[in-house]
Amino acid sequence: MAAAEENSSLFLIFILTMIALPLVPYTIMRLCRAATVKAKTIHCRCSGCHRSGKYRKSIYKRISNFSTCSNLTILLLWIVMIFLVYYIKHVNREVQVFEPYSILGLEPGVSESDIKKSYRRLSIQYHPDKNPDPEAHKYFVEFISKAYQALTDPVSRENYEKYGHPDGRQGLQMGIALPKFLLNMDGASGGIMLLGIVGLCILLPLMIALIYLSRSSKYTGNYVMHQTLSTYYYFMKPSLAPSKVMDVFIKAAEYMEMPVRRSDDEPLQKLFVAVRSELNLDLKNIRTEQAKFWKQHPSLVKMELLIQAHLTGESFALTPALLKDYRHMLELAPRLLEELIKIGLLPRSPHGFGWLRPAIGVIELSQNIIQAVPLSARKAGGGNSEGIAPFLQLPHFTEATVKKIARKKIRAFQELCDMSVEERAALLTQVAGLSDEEAQDIELVLEMIPSIEVDIKCETEGEEGIQEGDVVTMYAWVSLHRRNGLTAALPHAPSFPFHKEENFWLLLADAASNEVWLSQKVSFMDEATAITAASKAIRETQEALGASAKEIGIAVREAVDKVKKGSRLVMGKFQAPAEGNHNLTSFCLCDAWIGCDTKTNLKLKVLKRSRAGTRGHVAEEGPVAEDGIEEEEEEEEEEYDDYESEYSDDEDEKSKGKGKVANGVDHQRASSDIDSGSDD
């Protein structure tokens, strides 16, 4: 019996040890990491974002932030550990070692008369004739009588004094760290135990696997349905205009599954009247266009009206049921738009290039949804080549405000950003008629808008010049700066009810042929990941070039310093096309801010491959270098016009400095809104 109890206690101690070994150091590591992380406010602090409540640290949100899966698992394991310690210490009875001298209250080596005196004294206290308590009777029989026998018998006493046990030398005893019920199991209990083991070790994992497979067969890793990707792939066309991107976006299977209720008919009819001007209907045949619009699938009608309600600020008139669908639609929008961008950039052409025009249209739609700005605001007009959309993303700005500041020759968004703080405050308060508090809100948002510096280089590793058929590597350092000093930040988006990180898409494209040669998403939110990726890429590149260990170390340290200062390394490879000068354009497109996209025209000179296998050399001076170094004239018609958004012009590029390009090398400084690290 004692051995079984000891085994049961050992089993609990074994479980406690196995839990404590990984849990204690992991908890210490998490606490140290939480203590060293500096709390920074990375979201917009304007009054609009504050009223939205997205970043308000209520008790519910604090609990929600804490109650992650990992935190709850750690807390549960600590509760189990505390319970085991308490049970082992206070509840589970310890196995008592038989010690005759201690039981009789004597010191080892006493005389036999002292042993008898102590036995008589304890007999008066615990003998059944003197004490009717059953526990006293049990203690007297099992301990006092046995201890007296062991010490009064000469052989038993000598064995105890020599070997610590009345029976003499004892052999080695070993326990099994198993629960008590497993050691006392009979045939029926064994069968039940076998069924339990089969259920726990076989049936339960099988059920989890079936649930996972059934879900994974329906969704991708980004929690987008496979049916949605198939639909996007089918409707994506190379000539897809930005105004038609909405029609493809709302065909997502997630949106088609949303319920269509009869009670929604009347609110949707009213909403249609409010947003009719944004639906691209032909006003000359308005009745025919309206009938055609309502003949669409009810889910398509509902989704388009809800999105237009968000873009035009009409969501306040929605019923509670429609408001729930509206929030669900916006919650799904960022990842659906990201997948739609990737579908547009999938290699489709024989050379493995994606499509430029639909990708730009999807990114522009993402900008408008995040900032809740109508698509019609991108149309050029009133001397403003880029439209008024960038202004409308600022708090307290309306079309009337834009017209007022236009009287002071402030027609481009960049002109407003380039003004000094004092001049801008005077313009907003004296000309636009805003209050000091409203002007301060605008200043806070302008401080959040990032500017970027892009340094792009295209080359063939280990060779001079680029020959047709070579594997060309593009190196791009994207550096981000904000006036408030932040690198990682969340965009100003008071009308978007969910957290949205800034993402930046770097595209190397041939605008004339509508082909994207390289594409990469850049994120500035995770510095540690960016450091690891940049270090690995620089190390591999230097090793391929045969650099020494010292040179590799210096290059890696320089890359790490750049990342810590707000830069991200973007690398990509493509095969050099046929011989000649190729007009390329590097696009920096943000999916959250409007008016921060930049592009630079450059020419890539590709030499004819030598028959002897030797490499051509591109001189830095002379006629060859002049062919490789060209800067577009401002009055020259740009080839990108056919593929840029129909809501914007290229005239705004005149106000931006165009980078000089030398054989695929570009150094550019421009305004952008990225704040993330590179996505491999």
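## Helix H6 and a few other spots in a predicted model

Which residues of H6 are buried? Ile115, Ser118, Leu122 and Ser123 are. These residues cover an arc of only 140 degrees around the axis, so they sit on the same side of H6. Turn to the other side of H6 and you find Lys117, Arg120 and Ile124, which are exposed.

What does Ser118 touch, once residues up to four places away in sequence are set aside? The partners are Leu104 and Leu106.

Stepping back to the whole chain, the secondary structure comes to 26 helices and 11 strands. There are 680 residues, and 44% of them count as buried. As for contacts with a separation of 6 or more, 72% are between residues 24 or more positions apart.

Met448 gives a local view of contacts across the sequence. You'll find Met448 in helix H23, which covers residues 436-448. With a relative accessibility of 3%, Met448 counts as buried, the cut-off being under 20%. Leaving out neighbours within four places in sequence, Met448 is in contact with Ile42, His43 and Cys44, with Arg482, Asn484, Ala489 and Leu490, and with Trp593. Take Ala489 from that list: Met448 and Ala489 are 41 residues apart in sequence, while their C-alpha atoms are 7.7 Å apart in space.

Next, a helix pair. Helix H24 (residues 527-544) and helix H25 (residues 549-564) have axes that come within 9 Å and cross at roughly 150 degrees. Roughly parallel or roughly antiparallel? The angle makes H24 roughly antiparallel to H25, because angles over 145 degrees count that way. The crossing of H24 and H25 is right-handed.

Who meets whom between these two helices? H24 brings Glu527, Ala530, Ile531, Ala534, Ser535, Ile538, Arg539, Gln542 and Glu543. On the H25 side, the residues they meet are Ile552, Ala555, Val556, Ala559, Val560, Val563 and Lys564.

Finally, some backbone angles. Most residues other than glycine have a negative phi. Where do they lie? Lys409 is in the loop between helix H20 (399-406) and helix H21 (413-418). Asn514 belongs to the loop between strand S4 (504-510) and strand S5 (515-524).

Buried or exposed? Lys409 has a relative accessible area of 58%, so this lysine is exposed, the cut-off being over 50%. Asn514 has a relative accessible area of 5%, so this asparagine is buried.

Here are the accessibility values side by side:

| Residue | Relative accessible area | Class |
|---|---|---|
| Lys409 | 58% | exposed |
| Met448 | 3% | buried |
| Asn514 | 5% | buried |

Note on methods. Residues are numbered from 1 along each chain as its sequence is written. This is a predicted model: local features need pLDDT of at least 70, side-chain atom pairs count only at pLDDT 80 or more; totals for chains, interfaces and linings use all residues. Side-chain values use heavy atoms; hydrogens and water are left out. Buried means under 20% relative accessible area, exposed over 50%, partly exposed in between (1.4 Å probe, protein chains only). Helices (H or I, at least four residues) and strands (E, at least two) are DSSP runs, numbered from the N terminus. The arc is that of the directions from the helix axis to the C-beta atoms. Axes are lines fitted to C-alpha atoms, for helices over the stretch in contact, and angles run from 0 to 180 degrees between N-to-C directions. Angles under 35 degrees count as roughly parallel, over 145 as roughly antiparallel, 65 to 115 as roughly perpendicular and the rest as oblique. A crossing is left-handed if the near helix is turned anticlockwise from the far one by less than a right angle, and right-handed if clockwise. Contact means heavy atoms within 4.5 Å.
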